[in-house]
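Take a look at the protein below.

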Amino acid sequence: MSGFASLRLTLSAAFLGALLFSPLAAAQSAAAPAQSVITLGPSGLPLPRFVSLKSGRVNSRVGPGANYSVDWMYMKAGLPMEIIQEFDTWRRVRDADGSEGWINQSLLSGRRTAIVAPWQRGKDAQVNLLNSPEKDARVVAMVEPGVMGTIKSCDGQWCEMTFDGHTGWLAQSLVWGAYPGERVKD
């Protein structure tokens, strides 16, 4: 690269940097409302999103089609899954342990379930299921990490969930099956 071209690139970069990092630009960007970008998949639904398994026997495949080998078989109906990609009628999903695979959409349900603090599974910990969405509320039941329940609603901070007939509230940050700040209505 010639010396002139190098100088021109340097000056252009300096001008662009001064423009982007000027106090006026900083003030304008700080005043702009925060907007979350929602990515839609080919189905027209948001990606990523949470769903659950319809059946008690669901094959997770290494690719998007029945001709791909089965990598994993899930044996629990209602297990929450996170859809992270779509291809035709196949959905690439991630489970609470981080395992990924492809499942046909016909085996997935929009019914929302969640797992309580799977990152605490196997540790000597319990989570309080509360009678109202307040940290000082009365304890309805004690729930072990890794237990699955059905989401009735989430308000962005708290989720109302049902576990084997016990209904109560958990901090939304303690469930895998609803995004932080997400609102869910059954």
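Here are the main points, grouped by topic.

This is a predicted model: local features need pLDDT of at least 70, side-chain atom pairs count only at pLDDT 80 or more, and totals for chains, interfaces and linings use all residues. Residues are numbered from 1 along each chain as its sequence is written, and side-chain values use heavy atoms, leaving out hydrogens and water.

**Nonpolar cores**
- A nonpolar core is a set of buried Ala, Val, Leu, Ile, Met, Phe, Trp, Tyr and Cys residues joined through side-chain atoms within 4.5 Å.
- Buried means under 20% relative accessible area, exposed over 50%, and partly exposed in between (1.4 Å probe, protein chains only).
- The largest nonpolar core has 16 residues, and Val116, Ile151, Met161, Phe163, Leu170 and Val175 touch the most other members.
- Strands E10, E11, E12, E13 and E14 each give two or more residues to this core; strands (E, at least two residues) are DSSP runs, numbered from the N terminus.
- E14 gives the largest share, three residues.
- Another core, of twelve residues, lies apart from it and includes Tyr74 and Ile83.

**Thr89**
- Thr89 sits in the loop between strands E6 (80-87) and E7 (90-94).
- Thr89 counts as partly exposed because its relative accessibility is 28%.
- Not counting residues up to four places away in sequence, Thr89 touches Ile103, Asn104 and Gln105; contact means heavy atoms within 4.5 Å.
- The C-alpha atoms of Thr89 and Gln105 are 5.6 Å apart.

**Ser153**
- Ser153 belongs to strand E13.
- Ser153 counts as buried because its relative accessibility is 10%.

How values were computed: Helix = DSSP H or I, 4+ residues; strand = E, 2+ residues; numbered from the N terminus.
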